[in-house]
Amino acid sequence: MHLTHKALNFPNPNYHSHGPSHSFNSNPTPNPGLLTLPLNLLSPPKRRRSVLFATNNRGAVQIAVANNHPLFVPPSPSYDYRTFRSAKNVDVSTLGNLCVDIVLNVPQLPPPSFHERKAFMDRLASSPPNKKYWEAGGNCNMAIAAARLGLSCVSIGHVGNEIYGKFLLDVLHDEGIGMVEMSNSTDVVNSSSASIETLLCWVLVDPLQRHGFCSRADFSKEPAFHWMSTLRREVKLAIRNSKVLFCNGYGFDELSPSLLLSAVDYAVDVGTSIFFDPGPRGKSLSTGTAEEQRALDQFLRMCDVLLLTSDEAESLTGLGDPILAGQEFLKRGIRTKWVIIKMGSHGSILITASNIACAPAFKVDVIDTVGCGDSFVAAVAYGYIHNMPLVNTLTIANAVGAATAMGCGAGRNVAKLENVKDLLKSSNISKDTKFWTNVLGKNAIAQEITCLSHMMNGNGNPNHLNHVPYDNVASELLPKLEHPQIPGNVAA
């Protein structure tokens, strides 16, 4: 089969790559370089505040950042982490959903039947395609976008010791992102070789620019890494040491609901803020197994920041009004502080118990929407960690998402800082007054509403609007990006 590659235009702005497939190592085991250290985190020193997990000469685990703030944890298996008080030196950790995207042009998309699709994927996997078609996918998109904003990032997940796993580690290393391996030697010994390989997602494009996706997750009722059952000490330490732990719905394709819940519970115990984006998987999880439904409910109640598209919010609440849906999530939540509704090309809304912020989208020439949602989340984390005003957080999130849409593909192609700054300087935001008047004027809203100017003039709207001029917001954001600051403690 002749396969080619060219610029792609993905129509789904909420696409998160995920899913495993076959790889080609005759003895695929987790990277031995990751297994030899008590903490398997790789990170180069080149990036600001890059994180290094290693072992000191006394056999203790050392966590250090560029500002020389080391922490030592005795390697005793009976160590009680609840008694360990530490500064949080990592800004963002992502949980699971590490994969490699293989983006290919194919003569035709996979057939609909189960067995034919499986045979189609097996043919694709019979020999590795040229490396120029590979890209880091899944939560790598969020981590890369966050790192380019100056945040220190760690990816918690699993990669194998085959060509794809090494590629993924190289990409993370080059972007200054640490890696904590979730599996342990016992997991590996008790698992089949195929089940421990790096996750692959085959992103397929036919001559009519229609898209299809193939992965091992399509052909299994169990999560890809169902053999992992407990959080390793190293994973707990990474979660404890992070200000934010980001999880999305595709994590359920890799990790068991019970393992994901143990990470959530631990993050709550150690005061790490939880960001959750259920994505398209939210709807299927809400009608899935009893264990999946319980896990989804716990994520929705225990996350500090919840991010959804307007369609996803409606599917989980039954409410078509995005503000009412956001308020419903706040009512159901135990820890939920922010609910962010992504309104596609119109912009975004951030809802809290006392405030609502709205920001229109930037007007750009869209080339590829892959990774836009992941980039958006990264910038939300940036605003959250820096305690920015709500409307400022939405503005930079919209800018980072739009800058990613101007490129082709995700992974290393997500927004670069210079492109984000150029967009902010352009002030080219949508002026869809009718849309925002309709959204904000449907109901009597008790909360204070803050909007970027150019959205609407407020005439005839019963709600009290606080208009913030775009130029004011941009003048506050740009100096922070020109001269990145070390984030402080996240506000409770």
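Buried here means under 20% relative accessible area, exposed means over 50%, and partly exposed is in between (1.4 Å probe, protein chains only). This is a predicted model, where local features need pLDDT of at least 70 and side-chain atom pairs count only at pLDDT 80 or more, while totals for chains, interfaces and linings use all residues. Residues are numbered from 1 along each chain as its sequence is written, and side-chain values use heavy atoms, with hydrogens and water left out.

**View 1. Asn-97, in the loop between strand 4 (90-95) and strand 5 (98-105).** Helices (H or I, at least four residues) and strands (E, at least two) are DSSP runs, numbered from the N terminus. Most residues other than glycine have a negative phi. Asn-97 has a positive one, near 55°. Is this residue buried or exposed? With a relative accessible area of 0%, Asn-97 is buried.

**View 2. Asn-387, in the loop between helix 12 (372-385) and helix 13 (390-405).** Here's another non-glycine residue with a positive phi: for Asn-387 the value is near 55°. Its relative accessible area is 43%, so Asn-387 counts as partly exposed.

**View 3. Helix 7 (residues 257-269) packing with helix 9 (residues 290-302).** Two packed helices are described by the angle between their axes and the distance between the axes. For helix 7 and helix 9, the angle is about 20° and the axes are 9 Å apart. That makes the two helices roughly parallel (angles under 35 degrees; over 145 is roughly antiparallel, 65 to 115 roughly perpendicular, and the rest oblique). Axes are lines fitted to C-alpha atoms, for helices over the stretch in contact, and angles run from 0 to 180 degrees between N-to-C directions.

**View 4. Who touches whom between helix 7 and helix 9.** Contact means heavy atoms within 4.5 Å. On the helix 7 side, the residues include Leu-260, Leu-261 and Val-264; on the helix 9 side, Ala-295, Phe-299 and Met-302 are among them. Sorted by class, the contact has 8 nonpolar, 2 polar and 3 charged residues (Ala, Val, Leu, Ile, Met, Phe, Trp, Tyr, Cys and Pro are nonpolar, Asp, Glu, Lys and Arg charged, and the others, Gly among them, polar).

**View 5. Cysteines and the count of 0 disulfides.** A disulfide is a pair of cysteine sulfur atoms within 2.5 Å. Cys-99 is in none: the nearest cysteine sulfur, in Cys-201, is 6.1 Å away. Cys-99 is buried at 0% relative accessibility, and Cys-140 is buried with a relative accessible area of 0%.
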